[in-house]
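Hi,

Here is the structure I promised to pass on. Have a look at it first, and then read on for what turned up.

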Amino acid sequence: MEKDKILEVNDLHVSFKTYNGEVQAVRSVSFDVKKGETVAIVGESGCGKSVTSQSIMRLIPEPPGWIKSGEVLFDGKDLTKVSEKEMEGIRGKDIAMIFQDPMTSLNPTMTVGKQIMEGLVKHQNMGKAQAKERALEMLRLVGIPSPERRINQYPHQFSGGMRQRAMIAIALACAPQLLIADEPTTALDVTIQAQILDLMNDLKERLGTSIILITHDLGVVADVADRVVVMYAGKVIESGTVEEIFHRPRHPYTWGLMGSMPRLDLTRDKELSPITGTPPDLLSPPKGCPFAARCKHAMKVCQREMPETTQVRGSGSHKVNCWLEHPMAPAVEPPAEVVGGGSK
Amino acid sequence: MGRFILIRFMYMVITLWVIATVTFFLMHHLPGSPLANEERIPPELKEQILAQYGLDKPLPVQYLDYLGKLVQGDLGTSFKYDGRSVTEMIQQGFPASAQIGLQAMVFGVLLGVILGCISALRRGTLVDNGATVLSVLGYAIPSFTLAALFSYYVGVVWRVLPAAGWGTFAHSVLPSLALSFLVIAQITRYVRTEMLEVLGQDYMKTARAKGLERRVIIIRHALRNALIPAITIIGPLTVALMTGSLVVEKIFNIPGMGWMFVDSIITNDYTMIMGVTMFYSFLLILSIFIVDILYGVVDPRIRLTGAKE
């Protein structure tokens, strides 16, 4: 493991047992997170991005889910192998998580202050008074006004945006090295979304926390991420820096994602072009490229075999899994509305 | 909060008045009178007795007389047990009934909560199925059947505990146990359902993501939320215990209030019927009132909306 990498996920496979058989939610996912970096995992619903993030913290419900193979290296340890007891010591202390819906993610019968203090008492061996001090400090840090009053209030007395701030306060209370944010703004108003993103960005700078941001909102990605991992049907199909993904996307699925994003610089008569079709059934995933059935440029080989991960020529970290990268493939250019206008 | 309690108290008084009125007229509407069975009493003496108890006056006057006394807390004198006040008789019979009911309640709620939690946490296992069978049986078998079974096997055949009678704690065990089955059954079902619901909530994941131990998560985060609906059914359960105890007291020969009540109806002991009814009603209303307050204590959302109004 390189020195500046704090998390490395290698060839992760996660499945769920259902009545119909085994759903292979995550099929060979690899990526890494460097110190102080924000990595966005992007993809449509059901592509395995949440399962990936929850597997890192071993929070997927077992059973029916289980980590089949692969490793999650954090701080020199493979988190898929450590004991549950050891994992409890890592959760909340070294890796913290915030969830999509702040309305349901806080315990309704416990004061917000107590919910922040819990982790501090557990991980930092703080006394009550000390933990309360720290909780007040955290509330102030996440921009909640009059924290002395708010600390004794219950979640239902907080608005949605305030609750997400409180969630961030809980997550960052023990100064974790890595914060996993699972669609942190999806359930919020657009104006509040921007505030929460600004707050996360600001805290990242100040505390030096690395962030894994799970989202399906490319606008959010462009705002806060350093690197992007695009997932489809349980696999990583493209990854690179924000510039690489937004300006020179290589995978037809990424083109599709870009094309379905509303943009200000396009004329009004230009319609959004959604990706037609639906993702494959992960009960019996296709042998070849999972996107082949929806891909305009699919070739015979795409149906038969999954393409290898290839480094895009002339780039630092831009990787893509697509047969179009093969020297023998026809040269296909991305649609005009995708190229050039990547930035917002 | 003070206003809330005041309003509730006024409702309680009104409810008691309605119950008193309805019971009074229904009771007098029944055929027979306290002296109907005493055929050997000469008519002159009968009239004298009726006059002594005020039964010769027109019904509305009797009603107003009764209400007047009731307001002063006077429940009157028993017709059957000459010269003994109803209050005195309730004081004598209530402790036994209350002890059995309370023991059944405490034991039933404790066991119900534990069983409900375990079966939710071990969902689909043998323990869970066992608890389900137990609670279905608890619902289905009436308490007097259990009372008779316990009395016969534990008391007569095995001779572990007294089969009937009253006096020591040992005497109270079997009747309490017989009554507690319904409590166990209902609380187990409620807690199990609620616990499963709560365990699927997002905030359980938040608690896990904090690195808390499973035990702490269950006790601190899940249990309290799961217990809120269980508290709601404690009111109706108390009623069930009280009415159930009539027969159970008869089976175990316990000098409780249930027996007293049945006896008073058979003998047309007007003041006794009224007295016991009023006392039961008061207890029931009080228990519902307490449950409402308890609800606010456990669930901050209810407490605070109540305070704002």
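To start you off: how many bridges join E7(A) to strand E8 (residues 210-215) of chain A? The answer is five, and the two strands run parallel. Along that pairing, Ile180(A) stands opposite Ile212(A) in E8(A).

Some housekeeping before the rest. This is a predicted model, in which local features need pLDDT of at least 70 and side-chain atom pairs count only at pLDDT 80 or more, while totals for chains, interfaces and linings use all residues. Residues are numbered from 1 along each chain as its sequence is written, and chains are lettered from A and ligands numbered from 1 in the order in which they are written. Helices (H or I, at least four residues) and strands (E, at least two) are DSSP runs, numbered from the N terminus, and two strands pair if DSSP finds at least two bridges between them.

Back to E7(A), which covers residues 178-182. Five of its five residues are buried (buried means 20 or more other C-beta atoms within 10 Å of the residue's own, exposed means 12 or fewer, and partly exposed is in between, with C-beta atoms placed from the backbone). Leu178(A), Ile180(A) and Asp182(A) cover one side, and Leu179(A) and Ala181(A) the other. E7(A) also runs parallel to E6(A), with four bridges joining them, and there Ile95(A) stands opposite Leu178(A). Together with helix H7 (residues 190-207), E7(A) and E8(A) make a right-handed β-α-β unit; right-handed means that, with the strands pointing away from the viewer, the path from the first strand over the helix to the second runs clockwise.

Chain A also has an open sheet of four strands, in the order E2-E1-E4-E5 with antiparallel pairing. Strand E2 (21-34) and strand E5 (77-78) stand at the edges with a single partner strand each, so one side of each has no neighbour in the sheet. Inside it, strand E1 (residues 5-18) and strand E4 (residues 65-74) pair over eight bridges, and Glu8(A) has Leu73(A) as its bridge partner in E4(A).

Now the domains. The assignment for chain A gives domain 1 (5-225) and domain 2 (231-325), with bounds that come from an automatic or database domain assignment. Their C-alpha centres lie 27 Å apart. Across the boundary, 23 residues of domain 1 are in contact with 15 residues of domain 2, where contact means that the C-beta atoms, placed from the backbone, lie within 7 Å. On the domain 1 side, E2, strand E3 (38-42) and helix H8 (218-224) each give two or more residues, and E2(A) gives the most, with 10. That side divides into 12 nonpolar, eight polar and three charged residues (Ala, Val, Leu, Ile, Met, Phe, Trp, Tyr, Cys and Pro count as nonpolar, Asp, Glu, Lys and Arg as charged, and the others, Gly among them, as polar).

Cys47(A) is buried, with 26 other C-beta atoms within 10 Å. Leaving out residues up to four places away in sequence, Cys47(A) touches Met231(A), Tyr232(A), Ala233(A), Gly234(A) and Pro279(A).

As for how the chains meet, 25 residues of chain A are in contact with 17 residues of chain B. Helix H2 (84-90), strand E6 (95-98) and helix H3 (112-123) each give two or more residues to the chain A side, and the largest share, four residues, comes from H3(A). That side has 10 nonpolar, nine polar and six charged residues.

Chain B has 13 helices and zero strands. Its C-alpha trace spans about 85 × 60 × 30 Å along its principal axes, and 33% of its 309 residues count as buried.

Finally, the records. An unreviewed UniProt entry lists "transmembrane region" for several stretches of chain B, including residues 9-30 and 166-185; UniProt positions are in the numbering used here, feature names are shortened, and annotations may be inferred rather than shown by experiment. In the model, residues 9-30 of chain B are 95% helix, with the end C-alpha atoms 32 Å apart. Residues 166-185 of chain B are 85% helix, and the end C-alpha atoms there are 27 Å apart. For chain A, an unreviewed UniProt entry lists "domain: ABC transporter" at residues 7-258.

Cheers

How values were computed: Two residues are in contact if their C-beta atoms, placed from the backbone, lie within 7 Å.
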